[in-house]
Amino acid sequence: AFMCGLASPTTTILLCSTVSFSVGWAAFVDISPNVQEEGAQKEDTGTQDTPYTEDTLVEQLELCVDYLWKSERHELIADINKPVIAVFEKRRDFKRLSELYYDIHRSYLKVTEVVNSEKRLFGRYYRVAFYGQGFFEEEESKEFIYKEPKLTGLSEISQRLLKLYSDKFGAENVKMIQDSNKVNPKDLDARFAYIQVTFVVPYFDEKEQHEKRTDFERHHNINRFVFETPFTLSGRKHGDVEEQCKRRTILTTNSTFPYLKKRIQVVKHESTEMNPIEVAIDEMSRKVSELNKLCSANDVDMIRLQLKLQGSVSVKVNAGPMAYARAFLEEKNAKKYPDNQVKLLKEIFRQFAAACGQALDVNERLIKEDQLEYQEEMRAHYRDMLTELSAIMNEQVYHFSPKLYTLSYVILFSFQTQLSRSL
């Protein structure tokens with residue numbers, strides 16, 4: 001999106017005739033697939049515009065690099081500089097080449113510094129839908145994904161849109177829909193303009209989850225977003241875990257973020273509904289993934305780690321992970337659900353027990369003396385959780401602490417050595 005408008009069809013002649021590099025917009029398609037929009041444009045033949053030269057290209061790319069530094073998208077700087085490098089290599093301009101490579105060197109140093117810090121704020125995303133033919137005309141019943149800066153909250157964007165359209169249509173004619181449920185335009189009052197705003201997050205399938213490992217990759221060239229809506233078969237929004245369902249909606253936009261505009265239209269919907277045990281499987285899988293990610297980070301975020309630990313092993317009796325275990329894994333309850341789903345949930349709870357144990361080990365290694373009492377309290381809660389989980393699942397659930405496992409191995413090896421000598 002940074003490159004849209006930068007590599008127009010007229011640059012094709014320049015790049016073909018001067019450097020051994022992809023021509024026109026194709027030179028930048030790996031940076032942003034949005035530049036393919038340039039390929040659909042007609043060439044400006046017969047115009048009296050100023051000729052597009054190598055110097056013009058270099059100036060625009062250098063300006064782009066400057067904006068990449070300001071927007072903290074350091075990962076793109078090397079790729080943006082490739083056409084510039086090709087130009088300076090052709091000119092044998094070694095001084096400029098040395099400056100370019102130093103700039104790329106600095107960009108990679110910055111990437112190394114920030115890649116795991118999670119201190120860069122790439123923005124938040126919201127689904128905004130408009131209803132009311134008499135007001136929105138061609139945008140009626142259409143949905144858009146809005147990209148908002150930094151930590152923009154739901155209330156902030158809602159109030160801004162409310163004010164914007166209240167000024168346009170009159171405050172008495174605009175209403176906000178306060179939930180994320182599906183809307184049937186026929187059920188709405190035609191006298192009003194309705195706006196529905198829903199917080200969404202980027203969506204990745206299983207393959208993309210493994211490929212997109214950094215925050216930058218999870219906020220660059222993205223066009224699928226997801227939100228979830230809780231519901232129960234009785235009609236209430238929330239209920240006990242045994243009756244709690246949820247609907248997952250995946251939205252696809254016709255271009256990728258970041259983009260020239262702050263909003264992109266949604267062109268595709270995919271919805272799936274989960275029954276209560278599927279909700280449990282999904283929620284517990286997410287907890288395991290979050291704990292494992294926190295533990296494997298180069299620079300462990302202790303505050304987040306401890307919050308996740310508390311929410312996992314130290315929660316109220318009828319809340320948290322153990323509520324799922326009691327509802328779906330106790331023998332009298334498990335019979336109500338498909339055997340394959342019960343087995344899957346059991347396996348996820350084994351992984352959850354291991355992840356909690358690993359998190360406790362990491363916490364113990366990094367805490368200071370003033371938190372030793374807190375650590376022992378968490379350990380006690382963890383042991384209680386394992387005891388109850390073992391009883392529910394009718395099997396021994398435990399965690400091999402690396403420290404205890406190594407000690408046990410040394411003791412066992414020593415015992416075997418002494419036994420062989422005595423024989």
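What percentage of the 423 residues in the chain do buried residues make up?

Buried residues make up 43% of the 423 residues, where buried means under 20% relative accessible area, exposed over 50% and partly exposed in between, with a 1.4 Å probe and protein chains only. The model is predicted: local features need pLDDT of at least 70, side-chain atom pairs count only at pLDDT 80 or more, and totals for chains, interfaces and linings use all residues. Residues are numbered from 1 along each chain as its sequence is written, and side-chain values use heavy atoms, with hydrogens and water left out.

**Exercise 1. Describe the chain as a whole.**

Step 1. Count the elements: the chain has 15 helices and 7 strands. Helices (H or I, at least four residues) and strands (E, at least two) are DSSP runs, numbered from the N terminus.

Step 2. Turn to contacts, meaning heavy atoms within 4.5 Å. Of the contacts in the chain with a separation of 6 or more, 63% come from residues 24 or more positions apart.

**Exercise 2. Work out how helix α11 packs against helix α13.**

Step 1. Take the axes of α11 (residues 321-329) and α13 (residues 339-366): they come within 11 Å and cross at roughly 150°. Axes are lines fitted to C-alpha atoms, for helices over the stretch in contact, and angles run from 0 to 180 degrees between N-to-C directions.

Step 2. Name the arrangement: α11 is therefore roughly antiparallel to α13, a label for angles over 145 degrees.

Step 3. List the residues that meet: Pro321, Tyr324, Ala325, Phe328 and Leu329 from α11, and Val342, Leu345, Lys346, Phe349 and Phe352 from α13.

Step 4. Sort this contact by class: 9 residues are nonpolar, none polar and 1 charged. Ala, Val, Leu, Ile, Met, Phe, Trp, Tyr, Cys and Pro count as nonpolar, Asp, Glu, Lys and Arg as charged, and the others, Gly among them, as polar.

Definitions and conventions
Parallel < 35°, antiparallel > 145°, perpendicular 65-115°, else oblique.
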